Structures are given as structure tokens and as C-alpha cells.
Amino acid sequence: MSWKWEYAFGAEEAARTAPADFLARVASKADELVRAAEAVHIHGRAHQGIDPRGGDVIVPGGMFTYQVVVRSERIYLVQITYLGF
């Protein structure tokens, strides 16, 4: 299994109504988070500790909140907020 990102909870519903250019910026930042997590947690499936804290990422037009789940090798986008600017 390799690291990936995906929408979770209500973020998937919000992504259906957000503009494509905003979603492209969100996807680009999520890809960066995946690469960083993959570099830090080389043996993610064997992780024994607690998961690191997620966070908020500001992108042009809004923001998103993410959570890292190391043993699943996933970055979950749990909330997307499109503000339109």
C-alpha cells in the first residue's frame, strides 16, 4: 500500500459543489502533504504510536482541514471550505 489522500465525511459532499480550479489547488496541496507524510513515515503500516496531529491548509479561495492516519497510509481531507476569493 502506498500513501494517498481522499475525502472523508462531509468533505466529499462539499467537493461536489466547489469550483474545479479551487479543487485543483486543494488536490495540489493534498499531494504535497502525501509526499511529506511518505517521507516522514517510511514504514507507515508498522507504525505503533499515535497518529500525528492534522491541521488546516489555506489555499486561494478557501481552506481545508486534514487528518493523517499513518497505519492506513492516508491523508483524509475532513472539511473543505470554499470562500470564493
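Reader: Hi! Leaving aside neighbours within four places in sequence, which residues is Phe22 in contact with?

Author: Phe22 touches Val59, Pro60, Gly61, Gly62, Met63, Ile80, Thr81 and Tyr82, where contact means heavy atoms within 4.5 Å. This is a predicted model, where local features need pLDDT of at least 70, side-chain atom pairs count only at pLDDT 80 or more, and totals for chains, interfaces and linings use all residues. Residues are numbered from 1 along each chain as its sequence is written, and side-chain values use heavy atoms, with hydrogens and water left out.

Reader: Thanks! Is Phe22 buried or exposed?

Author: Phe22 counts as buried because its relative accessibility is 0%; buried means under 20% relative accessible area, exposed over 50% and partly exposed in between, with a 1.4 Å probe and protein chains only.

Reader: And which helix is Phe22 in?

Author: Phe22 belongs to helix α2, residues 20–40. Helices (H or I, at least four residues) and strands (E, at least two) are DSSP runs, numbered from the N terminus.

Reader: Switching to the strands: how many bridges join β2 to β3?

Author: There are 5, between β2 (residues 55–59) and β3 (residues 62–69), and the two run antiparallel. Strands pair if DSSP finds at least two bridges between them. Their hairpin has 2 residues between the strands, and Gly61 in the turn has a positive phi of about 100 degrees.

Reader: What about β3 and β4?

Author: Those are antiparallel too, with 8 bridges, and β4 covers residues 74–82.

Reader: Which residue in β4 is the bridge partner of Phe64?

Author: That partner is Ile80, while Val57 stands opposite Phe64 in β3.
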